[in-house]
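Subject: Structure for you to look at

Hi,

Here is the structure we talked about. Please open it next to this email. My notes follow directly below.

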Amino acid sequence: FDYEGKEIVGIRMFTLLKDSVGVLGLSGIDKLLCFIMVYRTQQLLNHCRSQKIEAVWKNIVSSMEKQVEPVGGFPEKGAAIYEEPVRSLSALFKQFQATVTFLGQGQLLRRQIAVELSSTCKLDSNSLSCALETLNQSLLKDVRGHYQSPETKPYPGESPLLPECSKLLTNTGIHNPLAQIYITTEPFQQLPMLLFLFTIHELPKYAYDSKLSTLMPSPARQGKKTADVCTVVVGILTLLRQFHSTFTLSYIQYLAQYIRTQLAGQGTKDRPPSVNGFTTEHVTAIRFLEAFTKFGNIPREVLQMYVPPYVLDYRDGRGG
């Protein structure tokens with residue numbers, strides 16, 4: 001969908017595209033998207049690390065990281081600590097928005113291409129599809145076995161089997177683009193906090209629609225350009241996946257703490273109590289976090305470690 005909510009690319013388009021350019025052409029488009037996303041990801045990280053831009057956000061982010069510690073508790077100043085950093089970094093977040101939404105769109109396109117390639121492979125050569133899936137599971141088992149006992153079980157990547165199998169799996173759509181690592185780079189320790197503040201900046205643009213059971217552009221933004229929330233969620237997930245898994249966990253912890261802090265602030269002078277203790281902002285943040293864990297294949301048990309189950313079960317004014 002574009003910023004006005006009009007459908008640009010539908011599910012049937014990929015079948016038409018495959019009929020037009022063939023399987024190899026569709027696989028080529030998938031690789032082209034990969035190269036573009038690598039470039040855009042590196043461009044954003046280099047932009048944030050540049051001396052001029054780093055001077056803008058580094059002190060703000062470092063101060064926020066100290067204020068929210070420990071992430072399992074509540075900030076000393078409550079929900080008020082989030083407003084000023086988000087406002088100060090709003091100019092930087094314009095660059096974030098363009099790249100994050102592009103990465104999200106690219107990943108969703110790649111996932112749909114993978115579905116089309118996989119279904120075509122199963123129809124044209126089911127034996128090849130089953131053989132590749134079995135080989136993939138066997139290699140994954142060997143890799144896990146190596147890390148469990150590296151002295152007795154060699155790593156399968158030492159032979160050309162692993163890279164060759166990877167090419168076949170990608171060309172037949174038997175892979176998950178959302179779990180792919182596109183770049184290798186130096187650690188960017190402040191990235192989870194930066195993306196968390198960016199998320200807070202974007203959340204007011206959306207509201208939970210109980211009829212569609214998803215986040216939609218807020219009625220207050222009618223007539224304004226608003227990116228599809230799925231592209232924002234997947235784009236953030238893609239950036240975090242380029243680093244260690246602890247980055248993703250830190251992002252979840254920050255967002256979970258934000259939700260708990262907002263709920264705990266109900267009934268104060270600045271935040272009068274709402275019905276059932278949940279406001280539109282609360283529901284939006286909860287649904288955004290759930291969408292993030294869904295696309296990332298993160299177990300709900302992980303989420304329940306940081307957000308009470310009754311909060312996650314809340315549905316638009318009703319219990320789960």
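Thr120 touches Lys18 and Val23, leaving aside residues up to four places away in sequence. Contact here means heavy atoms within 4.5 Å. Thr120 sits in helix α4 (residues 90-124). Helices (H or I, at least four residues) and strands (E, at least two) are DSSP runs, numbered from the N terminus. Thr120 counts as buried because its relative accessible area is 9%. The cut-offs are: buried under 20% relative accessible area, exposed over 50%, partly exposed in between (1.4 Å probe, protein chains only).

Before you go on, note that this is a predicted model: local features need pLDDT of at least 70, side-chain atom pairs count only at pLDDT 80 or more, and totals for chains, interfaces and linings use all residues. Residues are numbered from 1 along each chain as its sequence is written, and side-chain values use heavy atoms, with hydrogens and water left out.

Confidence

pLDDT is the predictor's confidence in each residue, from 0 to 100. The protein averages 86, and 92% of the residues score at least 70.

Salt bridges

A salt bridge is a side-chain nitrogen of Lys or Arg within 4 Å of a carboxyl oxygen of Asp or Glu. By that rule there are eight.

- Lys18, the residue that Thr120 touches, pairs with Asp19, with the closest N and O atoms 3.6 Å apart. Asp19 is exposed, at 54% relative accessibility.
- Glu202 pairs with Lys205, with the closest N and O atoms 3.2 Å apart. Glu202 is buried, at 2%. Lys205 is buried too, at 12%.
- Glu290 and Arg300 meet at 3.1 Å, N to O. Glu290 lies in helix α10 (residues 280-295) and Arg300 in helix α11 (residues 300-304), so the pair ties together parts ten residues apart in sequence. Glu290 is buried, at 15%. Arg300 is partly exposed, at 33%. Salt bridges with shared partners join Arg287, Glu290 and Arg300 into one network.

Hairpin

Strands β1 (residues 206-209) and β2 (residues 214-217) pair in the antiparallel sense over four bridges. Two strands pair if DSSP finds at least two bridges between them. Tyr208 has Leu215 in β2 as its bridge partner. Four residues lie between the strands of this hairpin, where Ser213 takes a positive phi near 55 degrees.

Pro156

Where is Pro156 placed? Pro156 is in the loop between α5 (126-148) and α6 (161-171). Pro156 counts as buried, at 12% relative accessibility. Pro156 touches Leu139, Asp142, Val143 and Leu162, not counting residues up to four places away in sequence. Glu76 is 80 residues from Pro156 along the chain, and their C-alpha atoms are separated by 50 Å.

Surface patch

Ile8, Val9 and Met13 form a nonpolar patch on the surface, with about 250 Å² of accessible area together. Patches are made of residues with over 30% relative accessible area and no salt bridge: like charges are joined within 9 Å, nonpolar side chains (Val, Leu, Ile, Met, Phe, Trp, Tyr) within 5 Å. Accessible areas come from the Shrake-Rupley method with a 1.4 Å probe; for residues, only the protein chains shown count as cover. Met13 belongs to helix α1 (residues 11-49) and is partly exposed, at 36%.

Best wishes
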